[in-house]
Amino acid sequence: MRVLVASSEIVPFAKTGGLADVTGALAKALRRLGVEADCILPLYRAVDRARFPMTPAGPPVRVPLGHREETGTIEETDAGDGVRAFLVRNDRYFDREYYYGTKDGDYVDNCERFTFFCRAVMEWLVRTGRRYDILHCNDWQTALIPAYARTLYSREEAIRPVGTVFTIHNLGYQGLFWNHDLPLTGLGWELFTPQGVEFYGKLNLMKAGLVFADILSTVSPTYSREIQTPEYGHGLEGVLYERRADLYGIINGIDYDEWNPSTDPYIAAPYSLEDLSGKKACRADLLSEFGWRGPVEEAVIGVIGRLTAQKGFDLIEEIGEWLAGQPARVAFLGAGERKYEESIALLGRKYPDRISVRLAYDNRLAHKIEAGADIYLMPSRYEPCGLNQIYSLKYGTVPIVRRTGGLADTVVDADEDPAGGTGFKFSGYEASELSDVVARALAAYTDRPRWEGIVRRGMEKDFSWEPSAREYVALYERALRKRGR
Ligand code: ADP
């Protein structure tokens, strides 16, 4: 089976969040199962061309955009582990400092940029005669591909038999644009209806994927159910409910080549379930990274994440003063929306001996936090899957999570299930519930034998990619059956 994984970010080329981790690791895991998986993404300025030398994969592609035409090239390189990567090059669109926008907002031509990307992929497939059985598209930036496959390109020999799978990594980002952008996409106005790509008068690119893909999936079973409800559906719950027979939830795997305390090059000392002693050195290293001296008895709580409303930072802010009075230190790493950066930085300035903040995107430090902290805090408002809580389990860092999406599916509460607990969970999105669960975790931390049991059970969990990749293969087979293959 030949599969092309399309995404706006893919490790090791470009990453802002979990989407990149997942698409990169999935392609590798599929290869290990014998699936011929390639991947395709835009060629951004940040892609390391010294490390990944590019060669043209065919002649330039001409891409219709409304009444105009733009030219691009598809460059090919080796992503490692047998995966071929293709990168869509158009410097006007992608040779920019950021992928999607600056701190002040999205790039104003994002509809045009990602329409170009999707249509360049289609043109390339058609013109080069390159054959795939499955196009696996991810999030709104690639959502036009399934729509193109069943509309503008449906008669093409290279496209007609191809199954399409569309995976939702985050329904909070839908690619909403004003209706005047519709002609850019080449789709007809007959699709600008509630059953098509119209959404309260706007163009919704995510809907193109939800409506046209043969099979839909999202990144945890709980999130696949939640998004069919008004609370989590971001206005698309009706569309998702309609398509529930084709909607699946597959939990993300973890790339244990990247996230493994026994081989992690970023951490102070290696450790494992068999020999946990290295974690002490990692803890000391983390404390000094965050500017704390001397022995620290209290629990060290790590927090890493994009600073957006999704991640529950407003709740952390609300309990900030209470938290500063607890036997705990908080090591905070995040970058994102200015209002959260300011409020979290303020907490750090107010309680420097309790809360230490790094406003940055720093992968090395993220690894050090996972290894050095005792507790990892992730109180998300919603969470399609979440990766950091799963990394935390592997690193023996006990997660505190809100009972939503993938957080609900991957962590077992240690008070509810004393023999099987791996972390702590709370339900309502309320500051009081968050402080209660943190208090429960801190109480457990003082009971060393109990704590060690929770740590060990978490480390024993296995979220490697293979089972999830097998589930994706089953989805690809379903998609092919829908195409009569
Ligand atoms: P999301 O994709 O919603 O951001 P996930 O938990 O699925 O959330 O994935 C987040 C990924 O991005 C993890 O690999 C995490 O370590 C990384 N990450 C997020 N923020 C930062 C940061 N400030 N510095 C380093 N890595 C970060």
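Predicted model: local features only at pLDDT ≥ 70, side-chain atom pairs only at ≥ 80, totals over all residues.
The shell holds 21 residues, and the closest are Gly-18, Arg-306, Lys-311, Ala-360 and Leu-387. Sorted by class, nine of the shell residues are nonpolar, seven are polar and five are charged. Several elements each supply at least two residues of the shell: helix H1 (18-32), strands S16 (299-307) and S17 (328-336), and helices H13 (363-372) and H14 (388-394).

A polar side-chain atom of Asp-21 lies 3.0 Å from a ligand oxygen atom, and an N or O atom in the side chain of Asn-388 is 3.3 Å from an oxygen atom of the ligand. With Asp-362, a polar backbone atom takes part, 2.9 Å from a nitrogen atom of the ligand. On its own, the ligand has 560 Å² of accessible area, and the protein covers 94% of it.

Aromatic rings are the next thing to look for. The whole structure contains 25 aromatic pairs. In one of them, Phe-13 and Phe-52 are tilted, with 4.6 Å from centre to centre and 55 degrees between the planes. This pair links distant parts of the chain, 39 residues apart: Phe-13 sits in the loop between strand S1 (2-6) and H1, and Phe-52 in the loop between strand S2 (36-42) and strand S3 (55-56). Both Phe-13 and Phe-52 are buried. Tyr-148 and Tyr-153 form an edge-to-face pair, because their planes stand at 70 degrees, with ring centres 6.0 Å apart.

Key
Residues numbered from 1 in each chain as written. Heavy atoms only, no water. Near = heavy atom within 4 Å. Polar contact = N/O pair within 3.5 Å; in protein donor to acceptor, adjacent residues only side chain to side chain. Areas by Shrake-Rupley, 256 points an atom, 1.4 Å probe, with all protein chains shown as cover. Helix = DSSP H or I, 4+ residues; strand = E, 2+ residues; numbered from the N terminus. Nonpolar A, V, L, I, M, F, W, Y, C, P; charged D, E, K, R; others polar. Phe/Tyr/Trp six-rings, centres within 6.5 Å; stacked < 30°, edge-to-face > 60°. Buried < 20%, exposed > 50% of the residue type's maximum accessible area, 1.4 Å probe, protein only.
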